Amino acid sequence: MGTEFGECLRTLRIRAGFGLRDFAALVGIAASNVSAMEHGRRRAPADPAKLRTIADALGLVEGGGDWARLFDAAARPGSLPADVQPTVRRRLVPVLLRTIENNQLSDDEIGRLIQEIENRHDRPESEDDSDPAVYGQGY
């Protein structure tokens, strides 16, 4: 149960310079429960707000690699990480997932798609040549 989350949490906590008791007090979780999580005897918090409190206390940047590792490790088997669950409710996300599945994109192809999205997002607006009429297909 939760050893990946526990190892991740412990590594990030120590790197941030927190002792167990100080960190536990800061995030509002009993020190014994933080210890149990770090040793895989207790699951990660299921509450997205509590996970955000933990991430913020650790100084993690939302969308950064450590943020993603923490939330990914906290996800229950068969569930999405708490930080992306609201995104799934967006209208076109099921279409995107079905498109990926129907075209049987490889992990490398999905990685390139992610990179393309990130590159477009990083461009100044004047360079953004995306036209919803071209890509939207009536969605």
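The legends below describe close-up views of a predicted protein model. Residues are numbered from 1 along each chain as its sequence is written. Because the model is predicted, local features need pLDDT of at least 70 and side-chain atom pairs count only at pLDDT 80 or more, while totals for chains, interfaces and linings use all residues, and side-chain values use heavy atoms, with hydrogens and water left out.

View 1. From the N terminus on, the elements run α-α-α-α-α-α-α-α-α, where helices (H or I, at least four residues) and strands (E, at least two) are DSSP runs, numbered from the N terminus. Of the 139 residues of the protein, 24% count as buried; buried means under 20% relative accessible area, exposed means over 50%, and partly exposed lies in between (1.4 Å probe, protein chains only). The protein exposes about 9,600 Å², of which carbon and sulfur atoms supply 50%; accessible areas come from the Shrake-Rupley method with a 1.4 Å probe, and for residues only the protein chains shown count as cover. Among contacts (heavy atoms within 4.5 Å) between residues at least 6 apart in sequence, 48% join residues at least 24 apart.

**View 2. Helix α5, residues 65-74, has the buried residues W67, L70, F71, A73 and A74.** These residues cover an arc of only 165 degrees around the axis, which puts them on the same side of α5; the arc is that of the directions from the helix axis to the C-beta atoms. An α-helix has 3.6 residues a turn, so residues three or four places apart point the same way. The C-alpha atom of W67 is separated by 9.2 Å from that of D56, and the two residues are 11 apart along the chain. D56 is found in helix α4, residues 48-57, and is exposed, with a relative accessible area of 53%.

**View 3. The structure holds 2 aromatic pairs.** Rings of Phe, Tyr and Trp (its six-membered ring) pair if their centres lie within 6.5 Å, and planes under 30 degrees apart count as stacked, over 60 as edge-to-face and the rest as tilted. F18 and F23 form a tilted pair, with 5.7 Å centre to centre and 50 degrees between the planes. Within this pair, F18 is partly exposed at 23% relative accessible area, whereas F23 is buried at 1%. W67 and F71 form a stacked pair, with 4.9 Å centre to centre and 20 degrees between the planes. Being 4 residues apart in helix α5, W67 and F71 are separated by about one helical turn. W67 counts as buried at 2% relative accessibility, and F71 is buried at 0%.

**View 4. A salt bridge joins E38 and R13, whose side chains meet at 2.7 Å, N to O.** A salt bridge is a side-chain nitrogen of Lys or Arg within 4 Å of a carboxyl oxygen of Asp or Glu, and the structure holds 5 of them. E38 counts as buried at 7% relative accessibility, and R13 is buried with a relative accessible area of 7%.

**View 5. R52 forms a salt bridge with E62, the closest N and O atoms being 3.3 Å apart.** R52 lies in helix α4 and E62 in the loop between α4 and α5, so the pair ties together parts that are 10 residues apart in sequence. R52 is partly exposed, at 29% relative accessible area, while E62 is exposed, at 52%.

**View 6. Helix α8 holds E116 and R120, 4 residues apart, about one turn of the helix.** E116 forms a salt bridge with R120, and the closest N and O atoms are 2.8 Å apart. E116 is partly exposed, with a relative accessible area of 36%, and R120 counts as partly exposed at 24%. Elsewhere, salt bridges that share partners join R15, D66 and R69 into one network.

**View 7. L96, L105, L113 and I117 form a nonpolar patch on the surface.** Together these residues have about 310 Å² of accessible area. Patches are made of residues with over 30% relative accessible area and no salt bridge, in which like charges are joined within 9 Å and nonpolar side chains (Val, Leu, Ile, Met, Phe, Trp, Tyr) within 5 Å. L105 lies in the loop between α7 (93-102) and α8 (107-122), and counts as partly exposed at 30% relative accessibility.
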